[in-house]
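Below are some remarks for a colleague who will be working from the coordinates. They are arranged as numbered points, each of which can be checked on its own.

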Amino acid sequence: MPAYLLDVDTGIDDALALAYLAALPDTEFVAVTATPGNVDADQVARNTLALLELCGRPGVQVAVGARKPLSIPLLTTPETHGPQGIGYAVLPDPSGQLSPRDAVDLWIEYARARPGELTALITAPLTNFALALRKEPELPDLLAEVVIMGGAFYHQGNTTPTAEWNTHVDPHAAKEVYAAYRGRPEEKLPIVCSLETTERMELHPAHVQALAEAAGAAVPELVLPGDPEGRRSTSDNTLVRHLSDALRFYFEFHRHYDQGYLAHVHDFFAAGVAAGTLEYTARPATVDVETDSPLLMGTTVADFRGLWGAPPNARVVSGNNPRQAFGELVSAVGMLARRVG
């Protein structure tokens with residue numbers, strides 16, 4: 001049974017990633033932890049707990065960790081993900097309670113208790129993971145695999161001209177994480193899903209319509225570019241309705257920035273890499289993060305040719321298959337929505 005430690009900043013695309021993993025058979029959510037990013041950490045945790053219950057996964061331990069980046073003030077993005085982090089969706093209040101435990105302690109405790117068994121997926125700034133590595137430097141050896149969504153190498157940034165959002169929120173944490181992996185065996189290096197490949201994951205209104213059809217929704221789910229902004233779904237399927245309302249906000253945001261009426265669903269791709277269900281290729285690189293220059297703060301740099309003379313500390317994803325990925329997404333989440341909706 002696949003077993004996961006997740007760290008998220010839910011977040012529209014985090015929400016889609018969680019729904020996708022919840023849809024896969026026998027997935028075990030060992031713990032899901034909240035890092036501030038798209039919204040503050042407490043809102044992240046509430047969104048996550050409510051969404052997991054909506055996806056038929058009650059009782060998952062959801063815990064808050066850090067409430068701010070390591071060295072710089074917290075920046076959130078209500079303009080990108082909405083004031084509560086999930087677009088126009090308004091999730092029902094969760095029936096469960098957040099864990100009183102600290103996220104960092106949970107990661108270390110579970111990794112020590114189940115060495116070599118747990119896959120870590122981080123779709124948030126790397127704050128909690130950096131703090132966990134400070135307390136347990138052998139965490140890379142204890143975890144079976146680590147998948148990170150973050151960075152932009154030979155690609156335009158989505159926050160500054162050179163920086164990707166997750167890394168820009170806490171560049172010092174990202175720098176510490178990559179430094180912790182220097183000299184590790186290649187099979188233990190984190191798999192990094194950067195903008196080069198995550199921005200190829202362009203979700204369109206037709207995918208939302210196909211998802212509703214796969215869920216057996218009675219009414220077609222049409223999210224159209226000509227609709228008034230802020231229109232809400234009336235789908236009879238609860239999960240489809242909430243995902244549609246979240247994604248509509250994301251479509252509108254991307255259109256405002258001249259990217260088209262679409263959504264880059266970065267975190268879903270990283271979730272599929274972690275699950276082993278999506279096609280991808282990766283190559284080793286030595287990665288570092290700029291933390292001193294105001295102009296380049298949060299910029300990730302990858303040395304693929306050994307020019308620094310330093311060993312690789314990451315496996316950077318270099319190729320993927322969006323058509324295969326969206327077929328998998330529609331099928332899996334559609335079946336989940338059919339079961340729970």
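The model is a predicted one.

1. An unreviewed UniProt entry places the feature "domain: Inosine/uridine-preferring nucleoside hydrolase" at residues 5-321.

2. Loops on either side of H1. Gly11 sits in the loop between strand S1 (3-8) and H1, and the peptide bond leading from Thr10 to Gly11 is cis, with omega near 0 degrees. Asp26 is exposed, since its relative accessible area is 52% and the cut-off for exposed is over 50%.

3. H1 against H13. Helix H1 (residues 12-23) and helix H13 (residues 322-340) have axes that come within 9 Å and cross at roughly 75 degrees; the two helices are therefore roughly perpendicular to each other, given that this class covers angles from 65 to 115 degrees. H1 contributes Leu16, Ala19, Tyr20, Ala22 and Ala23 to the contact, while H13 contributes Glu328, Leu329, Ala332, Val333, Leu336 and Arg339. By residue class, the contact of H1 with H13 comprises nine nonpolar residues, no polar ones and two charged ones.

4. H11 against H13. Helix H11 (residues 238-256) also packs on H13, at an angle of about 130 degrees and with the axes 7 Å apart, which makes H11 oblique to H13. On the H11 side the contact is made by Leu239, Val240 and Leu243, and on the H13 side by Val333, Leu336, Ala337 and Val340. The residues of this contact divide into seven nonpolar, no polar and no charged.

5. Asp258 lies in the loop between H11 and strand S8 (263-264), and although Asp258 is not a glycine, its phi is positive, at about 60 degrees. With a relative accessible area of 74%, Asp258 is exposed.

6. Helix H12. How many of the ten residues of helix H12 (residues 266-275) are buried? Nine are, so the helix is largely enclosed by the rest of the structure; the buried residues are His266, Asp267, Phe268, Phe269, Ala270, Ala271, Gly272, Val273 and Ala274. Just after H12, Gly276 takes a positive phi of about 75 degrees.

7. Asn313. Asn313 is placed in the loop between strand S10 (300-303) and strand S11 (314-320), and this loop residue is buried, with a relative accessible area of 0%. Leaving aside residues up to four places away in sequence, Asn313 touches Tyr178, Ala179, Tyr181, Arg182, Leu189, Pro190, Ala285, Thr286 and Val287. Between Asn313 and Glu145 there are 168 residues of sequence separation, while their C-alpha atoms are 13 Å apart in space.

8. Cysteines. Taking a disulfide as a pair of cysteine sulfur atoms within 2.5 Å, the count comes to zero. Cys55 is buried, with a relative accessible area of 3%, and Cys193 is buried as well, at 0%.

Notes. Residues are numbered from 1 along each chain as its sequence is written. This is a predicted model: local features need pLDDT of at least 70, side-chain atom pairs count only at pLDDT 80 or more; totals for chains, interfaces and linings use all residues. Side-chain values use heavy atoms; hydrogens and water are left out. Buried means under 20% relative accessible area, exposed over 50%, partly exposed in between (1.4 Å probe, protein chains only). Axes are lines fitted to C-alpha atoms, for helices over the stretch in contact, and angles run from 0 to 180 degrees between N-to-C directions. Helices (H or I, at least four residues) and strands (E, at least two) are DSSP runs, numbered from the N terminus. Angles under 35 degrees count as roughly parallel, over 145 as roughly antiparallel, 65 to 115 as roughly perpendicular and the rest as oblique. Contact means heavy atoms within 4.5 Å. Ala, Val, Leu, Ile, Met, Phe, Trp, Tyr, Cys and Pro count as nonpolar, Asp, Glu, Lys and Arg as charged, and the others, Gly among them, as polar. UniProt positions are given in the numbering used here, feature names are shortened, and annotations may be inferred rather than shown by experiment.
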